[in-house]
Amino acid sequence: MIVVAGEALIDLVPQGAGALVGLQPALGGGPYNTAVALGRLGSPTAFCSRVSHDAFGEALLDGLREAGVEVSSVQRGAEPTTLAVASIDADGSASYSFYVEGTADRLFTVPAQLPDATRAVSFGTCSLVLEPGASAYEELMHAAAARGVFTTLDPNIRAGLIPDADAYRARFKSWLPSVSLLKLSEEDALWLGGTPREWLASGPAAVVITHGGDGLTAFTRDGSVHPVPGEEVEVVDTIGAGDTVNAALLHGLATRGALSPAALAELGPEGWTELLRFAARAAAITCSRAGAEPPYASELHAL
């Protein structure tokens, strides 16, 4: 089982142009989208978070169940659901403003244990910024890594939520010894500073950088670089595209029995190319429809 740890929230997506245009609620949050995408691809998946008892929270849980995601590790609270107001630019790229004060997901506490069948745990986005939950997710990351569980990190930077950029960058570096696979966008990499080689030297077995429509590149400890182009598609918006990449990478590694640093080292050029192309195809499908709607396994060619 793959466990995805992090926030679930509601994206409010504009239905046209202008500051006062109508907003359509959509299920979202980077980790939430990753969990749904994994479930749709057919990977046994569990979600580990704290979700409100309000109507949005119930809808979020229903979305996980519909995707086949296990929700027994989800904590519940009376606090409201986090809201993210999206802005879509001319090329479909999304940016966000957040309503996070006193919301349920940031009050996450460390669970007593993860599901017995856990093979990997995925972390990222707002959950690693907003306290006190951020410290709890951080503790869970270090504990999972110490037990030899494969861990992935997608920082998915939301700069407007980060009050002290230098402190966050230092904290990011402190996570790397507990990270097996680091995935981040080109924009995130520029904001964080550093290089794939520097990050690899701190712990991860591989770093994958996404370049929007231009594809993905994997960097590995042996000095290899594995680029693949993006898939051509008519972009509606990019909401959930990076989260779909996370899920596709994890799903592809799981189907190959490669959820370990040693197995990553054995993938080789052909294995990395096939894996990254699969992730690019999955992300392209997500970009071809509104909101975070990752593909089902039936929509993709098998690895």
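Me: Let's begin with the term: buried means under 20% relative accessible area, exposed means over 50%, and partly exposed lies in between. With that settled, which residues cover the two faces of strand 2?

Reply: Happy to start there, and please keep in mind that this is a predicted model. Strand 2 spans residues 9–14, and six of its six residues are buried, so the strand is largely enclosed by the rest of the structure. Both faces are covered: one side carries Leu9, Asp11 and Val13, and the other carries Ile10, Leu12 and Pro14.

Me: Which strand is joined to strand 2, and do the two run parallel or antiparallel?

Reply: The partner is strand 3, residues 23–28, with six bridges between the two. Within this pair, Val13 faces Gln24 of strand 3. The answer for strand 2 and strand 3 is therefore a direction as well as a name, since a pair needs at least two bridges. Strand 2 and strand 3 run antiparallel.

Me: What share of the contacts in the protein chain with a separation of 6 or more comes from residues 24 or more positions apart?

Reply: As background, 56% of the 303 residues count as buried. Among contacts with a separation of 6 or more, the share from residues 24 or more positions apart is 69%.

Me: How far apart do the centres of the positive and negative side chains lie?

Reply: The accessible surface comes to about 12,500 Å², with 53% of it belonging to carbon and sulfur atoms. As for charge, the protein chain has 18 positive and 35 negative side chains. The centres of these two sets are separated by 5 Å.

Me: Is Thr125 buried or exposed?

Reply: Thr125 lies in the loop between strand 9 and helix 3. Its phi is near 65°, which is positive although the residue is not a glycine. With a relative accessibility of 5%, which is under the 20% cut-off, Thr125 counts as buried.

Me: What is the relative accessibility of Asn156?

Reply: Asn156 sits in the loop between strand 10 (150–154) and helix 4, and it too is a non-glycine residue with positive phi, about 45°. Asn156 counts as buried because its relative accessibility is 13%.

Me: Which residues does Ser178 touch, leaving out those up to four places away in sequence?

Reply: Ser178 belongs to the loop between helix 4 (165–175) and strand 11 (181–185). It counts as buried because its relative accessible area is 11%. The residues it touches are Met141, His142, Ala145 and Thr151.

Me: How far apart in space are Pro261 and Glu131?

Reply: Pro261 is in helix 8, residues 261–265, and counts as partly exposed at 38% relative accessibility. Beyond its neighbours within four places, it is in contact with Phe150, Ser180 and Ala205. Pro261 and Glu131 are 130 residues apart in sequence, and their C-alpha to C-alpha distance is 30 Å.

Technical notes
Residues are numbered from 1 along each chain as its sequence is written. This is a predicted model: local features need pLDDT of at least 70, side-chain atom pairs count only at pLDDT 80 or more; totals for chains, interfaces and linings use all residues. Side-chain values use heavy atoms; hydrogens and water are left out. Buried means under 20% relative accessible area, exposed over 50%, partly exposed in between (1.4 Å probe, protein chains only). Contact means heavy atoms within 4.5 Å. Accessible areas come from the Shrake-Rupley method with a 1.4 Å probe; for residues, only the protein chains shown count as cover. Lys and Arg count as positive and Asp and Glu as negative; His and the chain ends are not counted. The place of a charge is taken as NZ of Lys, CZ of Arg, CG of Asp or CD of Glu. Helices (H or I, at least four residues) and strands (E, at least two) are DSSP runs, numbered from the N terminus.
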